[in-house]
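Dear colleague,

Please find below the structure that I am handing over to you. My findings follow it, and I would ask you to read them with the structure open.

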Amino acid sequence: MHTREDEPRTDVRTLDRQAPGHDPAPGRGPTPGPHHGVRPLARRNGPAVAALTLGVLGAVTSIVVVGGLFGVLGLVLGAVALRTARRTGTGRGTANAGVVLSLLAIAGSVLAAVLLAWYADRTQPCYRPDSFRQYRECVQQQFHRG
């Protein structure tokens, strides 16, 4: 027959030094008190994650001008995420990163569009449907002319 005297005794002074979830006495459940290393589940800020994703996507695709659209969407979601972070206290860093990357995506797309327009203007006399070799030679002439 199993009696209380057969169970090992636990010194209350050592409970907080034991490993999290360590059960000094089988059948009694986990040890009381805070468990170090275990984080409570954090709430997520969905708009912040979306802003960061769109910011990264926009920054990567800004060289082909499409990134500006992703950047604008990321900027709008970043503003929403910052408002949400102010209210809930979660996702502020992610929202800030999304806003910064979105701004970089917009700037990169504007720069790519300006360079593309400049190149098209500079090489306009070369647009003839003859051959690529003739186009390449014409472009070289346009840029070596000064």
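In this predicted model, Val99 is in contact with Leu75, Gly78, Ala79 and Leu82, if its neighbours within four places in sequence are left aside. Val99 and Leu82 also belong to the largest nonpolar core, which has 5 residues in all. Helix 2 (67-88) and helix 3 (92-122) are the elements that give two or more residues to the core.

I then turned to helix 4. This helix comprises the 14 residues 132-145.

Which residues of helix 4 are buried? They are Tyr135, Cys138, Val139 and Gln142. These residues cover an arc of only 100° around the axis and therefore lie on the same side of helix 4. An α-helix has 3.6 residues a turn, so residues three or four places apart point the same way. Helix 3 is included in what covers the buried residues of helix 4. On the other side of helix 4, Arg133, Gln141 and His144 are exposed.

Finally, a search of the whole structure finds 1 salt bridge. In a salt bridge, the side chains of Arg133 and Glu137 meet at 2.9 Å, N to O. Both residues lie in helix 4, 4 residues apart, which is about one turn of the helix. Glu137 has a relative accessible area of 35% and is therefore partly exposed.

Yours sincerely

Conventions:
Residues are numbered from 1 along each chain as its sequence is written. This is a predicted model: local features need pLDDT of at least 70, side-chain atom pairs count only at pLDDT 80 or more; totals for chains, interfaces and linings use all residues. Side-chain values use heavy atoms; hydrogens and water are left out. A nonpolar core is a set of buried Ala, Val, Leu, Ile, Met, Phe, Trp, Tyr and Cys residues joined through side-chain atoms within 4.5 Å. Buried means under 20% relative accessible area, exposed over 50%, partly exposed in between (1.4 Å probe, protein chains only). Contact means heavy atoms within 4.5 Å. The expected span of a helix is 1.5 Å times one less than its number of residues. The arc is that of the directions from the helix axis to the C-beta atoms. A salt bridge is a side-chain nitrogen of Lys or Arg within 4 Å of a carboxyl oxygen of Asp or Glu.
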